[in-house]
Amino acid sequence: MDPISAGLLEALAGGVGGELGRQVWVRLSMLVRRPFQRDEDGGALPATCPGEAELARLEEQPADPMRAQALSAALAMRAAMDSDFHARLQQWLTQATALVHSGDGTTSNEISGGTFHGPVLQGRDFSGASFTTHTEPPPLAPPGAADPGQPD
């Protein structure tokens, strides 16, 4: 099995995909914390599951690419040692990849009504978006004055 992309692990640990992404991350966490199955060669199994410590460290700092790479390597090592884990990890990867590539890039946005006094951003899959400028709403009309935005 090819290693899991460190970028994918970073993105999911960092919360990409909203609630769906969180659920995919929780499934990976459950899979990693799952006990080893029997070793096919009859050898001794490790006391702790490879990947648990790396998973916890990435959860602490999801933007750290070295932690994501360490988790990727631990997952590959465990997949090589445990055929059941390998199969389940492959299923997880299929689901996670589908989440990241869902909708084939199509986006549908709609704004209906309301007054906006600042940037409105419509699109898909933003990362690192930041607005540092502030716009002030127009001044309120004095009491009794006609509102220029309203018909007489």
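Modeller: Let's begin with charged pairs. A search of the whole structure turns up 5 salt bridges. Keep in mind that this is a predicted model.

Biologist: What lets side chains pair up like that?
Modeller: Side chains of opposite charge can pair when their charged atoms come close.

Biologist: Okay, which residue does Asp84 form a salt bridge with?
Modeller: Asp84 pairs with Arg34. Their closest N and O atoms are 3.3 Å apart.

Biologist: Is Asp84 buried or exposed, or something in between?
Modeller: Something in between. Asp84 has 24% relative accessibility, so it counts as partly exposed. Arg34 is partly exposed too, with a relative accessible area of 27%. To count as buried, a residue must be under 20%.

Biologist: Which residues are in a network of salt bridges?
Modeller: Arg34, Asp84 and Arg88 are linked that way.

Biologist: And what does Arg67 pair with?
Modeller: Arg67 forms a salt bridge with Glu60, where the closest N and O atoms are 3.4 Å apart. Arg67 also forms one with Asp64, at 3.3 Å between the closest N and O atoms.

Biologist: Let's zoom out. How many helices and strands are there?
Modeller: The protein has 5 helices and 0 strands. From the N terminus on, the elements run α-α-α-α-α.

Biologist: How much of the protein is buried?
Modeller: Of its 152 residues, 22% count as buried. The accessible surface comes to about 10400 Å². Carbon and sulfur atoms own 54% of that surface.

Biologist: What about contacts across the chain?
Modeller: Take the contacts with a separation of 6 or more. Residues 24 or more positions apart account for 56% of them.

Biologist: Now helix 1. Which residues are buried there?
Modeller: Helix 1 covers residues 6-13. Its buried residues are Ala6, Leu8, Leu9, Leu12 and Ala13. Seen down the axis of helix 1, they fall within an arc of 160 degrees, so they line one face of the helix.

Biologist: What happens at the start of helix 1, and what follows it?
Modeller: At the start, a side-chain oxygen of Ser5 comes within 3.2 Å of the backbone nitrogen of Gly7. After the helix comes Gly15. The phi of Gly15 is positive, near 100 degrees.

Biologist: New topic. Where is Ser72 found?
Modeller: Ser72 is in helix 4, which spans residues 65-81. Ser72 has 2% relative accessibility, so it counts as buried.

Biologist: What does Ser72 touch?
Modeller: Leave out residues up to four places away in sequence. Then Ser72 touches Pro3, Ile4 and Leu9. A polar atom of the Ser72 side chain lies 2.5 Å from the backbone oxygen of Ile4.

Biologist: How far is Ser72 from Leu55?
Modeller: Their C-alpha atoms are separated by 9.4 Å. Along the chain, Ser72 and Leu55 are 17 residues apart.

Biologist: Back to helix 5. What does the side chain of Gln95 make a polar contact with?
Modeller: With the side chain of Arg27, at 3.5 Å. Gln95 is in helix 5. It counts as partly exposed, at 40% relative accessibility. The C-alpha atoms of Gln95 and Val24 are separated by 7.6 Å, although the two are 71 residues apart along the chain.

Biologist: Last one. Which residues make a nonpolar surface patch?
Modeller: Ile111, Phe116 and Val120 make one of about 270 Å². Val120 lies in the segment after helix 5 (83-100). Val120 is partly exposed, with a relative accessible area of 42%.

Terms used
Residues are numbered from 1 along each chain as its sequence is written. This is a predicted model: local features need pLDDT of at least 70, side-chain atom pairs count only at pLDDT 80 or more; totals for chains, interfaces and linings use all residues. Side-chain values use heavy atoms; hydrogens and water are left out. Helices (H or I, at least four residues) and strands (E, at least two) are DSSP runs, numbered from the N terminus. Buried means under 20% relative accessible area, exposed over 50%, partly exposed in between (1.4 Å probe, protein chains only). Contact means heavy atoms within 4.5 Å. A polar contact is a pair of N or O atoms within 3.5 Å; within protein, one must be able to donate a hydrogen and the other to accept it, and residues adjacent in sequence count only if both atoms are side-chain atoms. The arc is that of the directions from the helix axis to the C-beta atoms. Accessible areas come from the Shrake-Rupley method with a 1.4 Å probe; for residues, only the protein chains shown count as cover. Patches are made of residues with over 30% relative accessible area and no salt bridge: like charges are joined within 9 Å, nonpolar side chains (Val, Leu, Ile, Met, Phe, Trp, Tyr) within 5 Å. A salt bridge is a side-chain nitrogen of Lys or Arg within 4 Å of a carboxyl oxygen of Asp or Glu.
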